[in-house]
Amino acid sequence: MLRQLIGPGNMIEFPNHSRSYDRTRRAVRFWGHDSAIEASFFINENALKRIQPDIGCDEPGFLRAFDSNRDLICAAAAKMYVRGSRGSYDLVAANF
């Protein structure tokens with residue numbers, strides 16, 4: 001389980017390995033938990049291509065790239081997380 005400390009006392013964890021591809025946003029959606037608070041995260045196709053340039057550019061390819069790089073992606077998500085700030089976060093190529 002990836003655990004990341006973000007500032008004094010703020011923790012986000014990514015215990016849920018569920019993820020899904022959102023065709024409308026052209027991104028993989030995944031979730032983090034800060035105690036009882038759930039936050040949605042989206043990593044777009046361009047960010048996944050930056051992390052893994054040889055991925056297949058279709059839903060299964062993006063999901064495989066996410067799964068292969070989950071720790072890196074969750075670490076980047078934890079860096080942008082701010083407790084109580086908002087319900088969802090978007091990771092883009094510039095985050096990697």
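## Close-up views of the predicted model

**View 1. Phe41 and Tyr89 are both buried.** Here, buried means under 20% relative accessible area, exposed means over 50%, and partly exposed lies in between, with a 1.4 Å probe and protein chains only. The model is predicted: local features need pLDDT of at least 70, side-chain atom pairs count only at pLDDT 80 or more, and totals for chains, interfaces and linings use all residues. Residues are numbered from 1 along each chain as its sequence is written, and side-chain values use heavy atoms, with hydrogens and water left out.

**View 2. The chain comprises 3 helices and 6 strands.** These elements are DSSP runs numbered from the N terminus, namely helices (H or I, at least four residues) and strands (E, at least two). Starting at the N terminus, their order is β-β-β-β-β-α-α-α-β. Of the 96 residues in the chain, 40% are buried. Among contacts (heavy atoms within 4.5 Å) between residues at least 6 apart in sequence, 43% join residues at least 24 apart.

**View 3. Aromatic rings form 7 pairs.** Rings of Phe, Tyr and Trp (its six-membered ring) pair if their centres lie within 6.5 Å; planes under 30 degrees apart count as stacked, over 60 as edge-to-face and the rest as tilted. The ring centres of Phe30 and Phe66 are 5.0 Å apart with planes at 50°, so this pair is tilted. Because Phe30 belongs to strand S4 and Phe66 to helix H2 (residues 59–68), the pair ties together parts that are 36 residues apart in sequence. Phe30 and Phe66 are both buried. The pair of Phe41 and Tyr89 is stacked, because the ring centres lie 5.0 Å apart and the planes are at 20°. Phe41 lies in strand S5 (residues 37–44) and Tyr89 in strand S6 (residues 88–91), so the pair ties together parts that are 48 residues apart in sequence. One aromatic cluster is formed by Phe14, Phe30, Phe41, Phe66, Tyr81 and Tyr89.

View 4. Asp34 counts as buried because its relative accessibility is 2%. Leaving aside residues up to four places away in sequence, Asp34 touches Met11, Ile12, Tyr81 and Arg83.

**View 5. Strands S3 (residues 19–22) and S4 pair in the antiparallel sense.** They share 4 bridges; pairing requires at least two bridges found by DSSP. Arg19 stands opposite Phe30 in S4. The hairpin has 4 residues between the strands, and in it Arg26 takes a positive phi near 55°.

**View 6. Asp58 caps the N-terminal end of H2.** A side-chain oxygen of Asp58 lies 2.9 Å from the backbone nitrogen of Gly61. Buried residues of H2 include Gly61, Phe62, Leu63, Ala65 and Phe66. The buried residues of this helix pack against S3, S4, S5, helix H1 (45–51) and helix H3 (70–80).

**View 7. Arg25 lies over the face of Phe42.** Arg25 is 3.6 Å from the ring centre. A charge sits over a ring if NZ of Lys or CZ of Arg is within 6 Å of the ring centre and within 35 degrees of the ring normal.

Notes:
Polar contact = N/O pair within 3.5 Å; in protein donor to acceptor, adjacent residues only side chain to side chain.
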